[in-house]
Amino acid sequence: MASGMYRLVYYSRNHIAHNEATFGSHVEEILEKSRINNQRDEITGALLFNAGCFAQVLEGPLDKVEAAFERIQQDERHGDVSLLALDPIDRRSFPNWAMGFIGTSDIHAKRFAGIGLSSGFDPSRLSGDEIHALLRDLAIEEEAA
Amino acid sequence: MNVATPFPQITQAHPAGIPSAEQILELLPRPVLVVGSDGLVTYANTASMTSLAAVVGSEMHDLFPGCALNLATMTGAPSSLLVSRDSENFDAAIAALGAGQFLIDLRPSLHAQCADKPSGLDELTGLTKRNALLAYLSSALCTGPASSVAVHCLDLDRFKMINDTLGHAVGDLLLKKVADRLTAACHKDDIVARIGGDEFVVLQRHVEEEGAAETLASRIVDLIGRTYVIHGHTVNIGVSVGVAIGTNAVQARDLLRNGDLALYEAKKAGRGRYSMFKNGMDALLFARREMEIDLRRALALKQFKLNYQPFINVTSNRVDGFEALLRWEHPVKGNIPPLSFISLAEENGLIVKIGEWVMRTACVEAMSWPGEMIVAVNVSPLQFKADTLLDTVATALKRSGLPAHRLEIEITEGALLDDTDNVIQTLNSLRELGVKISMDDFGTGYSSLSYLQKFPFNKIKIDRSFVASDDADSEAILRSIAGLGASLGMAITAEGVETAEQLSRIRGERCTHVQGYLTGRPMGMDQIPAFLAQNDVE
Ligand SMILES: Cc1cc2nc3c(=O)[nH]c(=O)nc-3n(C[C@H](O)[C@H](O)[C@H](O)COP(=O)(O)O)c2cc1C
């Protein structure tokens, strides 16, 4: 199948225990796997965790993005996955990120404070475009830092 | 060949010319295995290598996936059915060799095989097909405790719509993804089968633990209901699941039927959920099936007839017309009230045929009434969906010769709930024919005033419950609906008027018509002339 470049944005509810240690190791695992698989599949993007939610942007060839999304859908570590956007794109917003993770460092904490994170930032209130823009900006800052 | 456990007999010396037992085993055209109590193969003859790809070290549950093996209890039993990875059936005779070793003699199962051979695996999804599933299920029920087996019968919700709108290619990919997700949700000993277009069955093992079957069913509902992305389309479907757990008394087919009964319940309860089989479901369903068969026959056998209940114009005190009411005179069960069969007829689509009959008959019978007497006919929401309503009405009018303005069609809010635009379009076309349209049972459903704005009904019929109770609230509601209708230029019928006191109350409330036992009970066609004659005198 000839496959153009697409961007997929979703958010989901985190099903991992809220205990910090377990959560940390699960996220490590997810990221490690993602980076290996995504590199192989020419997928780039970013993953955000907050307020019990994941939000993720995946960009790459449509068939690969679909396959990755299907694996992600089957993952028991989250649920209530809401697909926010699936659109053809001309170029990547995260060209250098096999899968960036955003959510812990200081710079992000500050950034999130700006959008009301401390009061329970809820990605479910954002549109696909907004999540995409947010993650892209955070990624740029991260790269600059 | 590396034989882990040597057999003393086999290695014994033999007189020249007579083959050794080992040679005989190797030449035997059917598979023979020796297996440890841990399920590991310790000896496999040549035939078992060719037909099962079994080697020393193979695991029994890989060779016969989905067959719960309890070698100790199966020993000495006449034979057990085992199904190989290629869906080949074997009658297995098992003998204990001592030291935790078992000899398994596998004879290809002849009768089951002819049924099974052409099937193999489902081409599209690679899942097990119906026949093999039945074989697995039979063997699971007879080899282990029956209560450790559960079947989950699945039916995809909205699959047909996806297939119709996005095409078969997407539909096929969707089925593959569903198959993947099911396989991912299940344990590797479980069997996932596709038994029809969008019907799947999961055979779950090891459900001894309380709630294990429920857990899997709810996992399936969750997982299959998650969004799919296929060729850039976002696809959303759901799944309904019926679960039945094995008991010693049931055969494979019965267990599947129980699962189907539970599936039917899950669908009836609103789809996108699972339901567990309970005893008694079969009796209920049996009664429904029976009624469905009777219902299909009823039209042909002319068991339906129409009764007519008059509605009275409160200003002129004259009969303006009659509402046609469906009666089913069952030869054995007597009169069956519409409440007990209309929902069934709507479920199986028979309502469309029955509705056509009612429309035709009402128009013909109304032709014999004097003057401009109106006949009101109820129309089910499903008749709108069937898309033939306009045609049915036009034909009924033409054939009977009834002028269109003498026909009033009664719809309920339910008709306007889905696909409102299309329904309104049909209503407008009916109105163009000259037919009157009234809103029935107003006040019981959503009673959305926006419906009244969307279509200029000729009449609103206020539900009997507001007439029956004489509390201040009901009265206020009755008054305001009547006022609203009057200001929109709609006639108002108060239904269910039973006492003179209620009638006098209604008269004060701007209702234009009344209908109820007080002003006339439903009557047969033949009673109408007498009723009208008597009414004229008064
Ligand atoms: C929130 C979340 C995001 C994930 N993102 C990715 C991803 O970008 N790429 C990926 O391959 N797997 C991702 N995974 C992991 C997949 O769900 C799945 O475990 C993995 O793709 C399996 O890979 P494997 O088949 O190579 O073992 C994610 C999981 C979660 C819970």
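**Entry 1: surface and make-up of chain B**

I started with the accessible surface of chain B, which comes to about 25,100 Å², with 54% of it belonging to carbon and sulfur atoms. A reminder to myself before going on: this is a predicted model. Next I looked up the secondary structure and found 23 helices and 21 strands in chain B. I then checked burial, and 49% of the 538 residues of chain B count as buried. For contacts in chain B between residues at least 6 apart in sequence, I noted that 62% join residues at least 24 apart.

**Entry 2: chain A**

Chain A has 4 helices and 5 strands, and I wrote down their order from the N terminus as β-α-β-β-α-β-β-α-α. Chain A holds 145 residues, and 50% of them count as buried. Its accessible surface is about 7,100 Å², and carbon and sulfur atoms account for 48% of that. When I took the contacts in chain A between residues at least 6 apart in sequence, 80% of them joined residues at least 24 apart.

**Entry 3: two residues of chain A**

I picked A:G52, which sits in the loop between β2 (44-50) and β3 (53-61) of chain A. Is A:G52 buried or exposed? Its relative accessibility is 14%, so I put A:G52 down as buried, the cut-off for buried being under 20%. I also looked up the pair A:G52 and A:R13: the two are 39 residues apart in sequence, and their C-alpha atoms are 5.9 Å apart in space.

My other pick was A:E32, in helix α1 (residues 20-41) of chain A. With a relative accessible area of 53%, A:E32 is exposed, since exposed means over 50%. From A:E32 to A:M99 I count 67 residues in sequence and 8.8 Å in space, C-alpha to C-alpha.

**Entry 4: cores**

Which residues touch the most other members of the largest nonpolar core? This core has 75 residues, and the answer is B:F322, B:V375 and B:L407. Helix α14 (residues 350-366) of chain B gives the core its largest share, 10 residues. I listed the contacts of B:L407, leaving out residues up to four places away in sequence: B:M359, B:C363, B:V375, B:V377, B:V393, B:L397, B:L402, B:V435 and B:K436. There is also a second, separate core of 34 residues, and B:L127, B:L174, B:I224 and B:I230 are among its members. As background for this entry, I jotted down that nonpolar side chains in soluble globular proteins tend to be buried together.

**Entry 5: helix α11 of chain B and its partners**

I looked at how α7 (residues 130-143) packs on α11 (residues 252-268), both in chain B: the angle is about 110 degrees and the axes are 9 Å apart. The two helices, α7(B) and α11(B), are therefore roughly perpendicular to each other, as angles of 65 to 115 degrees count that way. On the α7(B) side I found B:L133, B:L134, B:L137, B:S138 and B:L141, and they meet B:A252, B:R253, B:L255 and B:L256 of α11(B). Sorted by class, this contact of α7(B) with α11(B) has 7 nonpolar residues, 1 polar and 1 charged.

Then I followed α11(B) to helix α12 (residues 281-300) of chain B. Their axes come within 10 Å and cross at roughly 70 degrees, so α11(B) and α12(B) are roughly perpendicular to each other. Here α11(B) brings B:R257, B:L261, B:A262, B:Y264, B:E265 and B:K268, while α12(B) brings B:M281, B:D282, B:L285 and B:R288. What is the split by class for the contact of α11(B) with α12(B)? I get 5 nonpolar, no polar and 5 charged residues.

**Entry 6: two buried residues of chain B**

I checked B:E509, which lies in the loop between α22 (500-507) and β21 (513-515) of chain B. B:E509 has 8% relative accessibility and so counts as buried. Setting aside residues up to four places away in sequence, I found B:E509 touching B:E475, B:L478, B:R479 and B:A482.

At 15% relative accessibility, B:N163 goes into my buried column. Apart from neighbours within four places in sequence, B:N163 is in contact with B:H168 and B:G171.

Definitions and conventions. Residues numbered from 1 in each chain as written. Chains lettered and ligands numbered in written order. Heavy atoms only, no water. Buried < 20%, exposed > 50% of the residue type's maximum accessible area, 1.4 Å probe, protein only. Contact = heavy atoms within 4.5 Å. Areas by Shrake-Rupley, 256 points an atom, 1.4 Å probe, with all protein chains shown as cover. Axes fitted to C-alpha atoms, helices over the stretch in contact; angles between N-to-C directions. Parallel < 35°, antiparallel > 145°, perpendicular 65-115°, else oblique. Nonpolar A, V, L, I, M, F, W, Y, C, P; charged D, E, K, R; others polar. Core = buried A, V, L, I, M, F, W, Y, C linked by side-chain atoms within 4.5 Å.
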